[in-house]
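The questions below go from the fold of the chain to its aromatic pairs.

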Amino acid sequence: MFLLYEYDIFWAFLIISSLIPILAFFISGILAPIRKGPEKLSSYESGIEPMGDAWLQFRIRYYMFALVFVVFDVETVFLYPWAMSFDVLGVSVFIEAFIFVLILIVGLVYAWRKGALEWS
């Protein structure tokens, strides 16, 4: 049977963790000074006039490198719980994790052949 009183701590934590950021934004909105001047409305507040165009092009290679990093970082997050409960889950989960890692290795080889891992 589902008993709501067993989840009192969860609901208290959820309400408190939701109220803290809301109160922080509300209090900072009330206490923060609001002064709009030419310095505040400029692109940079360092006192130096901006030079050149704000449009800068970056090479796609940097984004590809970051994307490959994120993919393998997420892989670690997914494999950690599996590794911690490996003895309980059995062989079928091992095969699924092996296929998951195999797909990621194929992606790594593809990115490597396309030159996404070369920084310069």
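Helices are DSSP runs of H or I with at least four residues, and strands are runs of E with at least two. The model is predicted.

Q: What share of residues 62-83 is helix, and how far apart do the end C-alpha atoms lie?
A: The UniProt annotation "transmembrane region", from an unreviewed entry, covers residues 62-83. The span has 0% strand. Its helix share is 100%, and the end C-alpha atoms lie 31 Å apart.

Q: How many helices and how many strands are there in the protein chain?
A: Along the sequence the pattern reads α-α-α-α-α. The count is therefore five helices and zero strands.

Q: What kind of aromatic pair do Phe78 and Phe100 form?
A: The ring centres are 6.2 Å apart and the planes stand at 90°. Planes over 60 degrees apart count as edge-to-face. Phe78 lies in helix α3 and Phe100 in helix α5, so the pair ties together parts 22 residues apart in sequence. The pair is edge-to-face.

Q: Is Phe78 buried or exposed?
A: The cut-off for exposed is over 50% relative accessible area. Phe78 has 54%, so Phe78 is exposed.

Q: Are the rings of Trp82 and Phe94 stacked or edge-to-face?
A: Their centres are 6.2 Å apart and their planes are at 25°. Planes under 30 degrees apart count as stacked. The rings are therefore stacked.

Q: Which helices does the pair of Trp82 and Phe94 link?
A: Trp82 is partly exposed at 21% relative accessible area, and Phe94 is partly exposed at 38%. The two residues are 12 apart in the chain. The helices linked are α3 and α5.

Key
Residues numbered from 1 in each chain as written. Predicted model: local features only at pLDDT ≥ 70, side-chain atom pairs only at ≥ 80, totals over all residues. Heavy atoms only, no water. UniProt positions renumbered as here; feature names shortened; annotations may be inferred. Phe/Tyr/Trp six-rings, centres within 6.5 Å; stacked < 30°, edge-to-face > 60°. Buried < 20%, exposed > 50% of the residue type's maximum accessible area, 1.4 Å probe, protein only.
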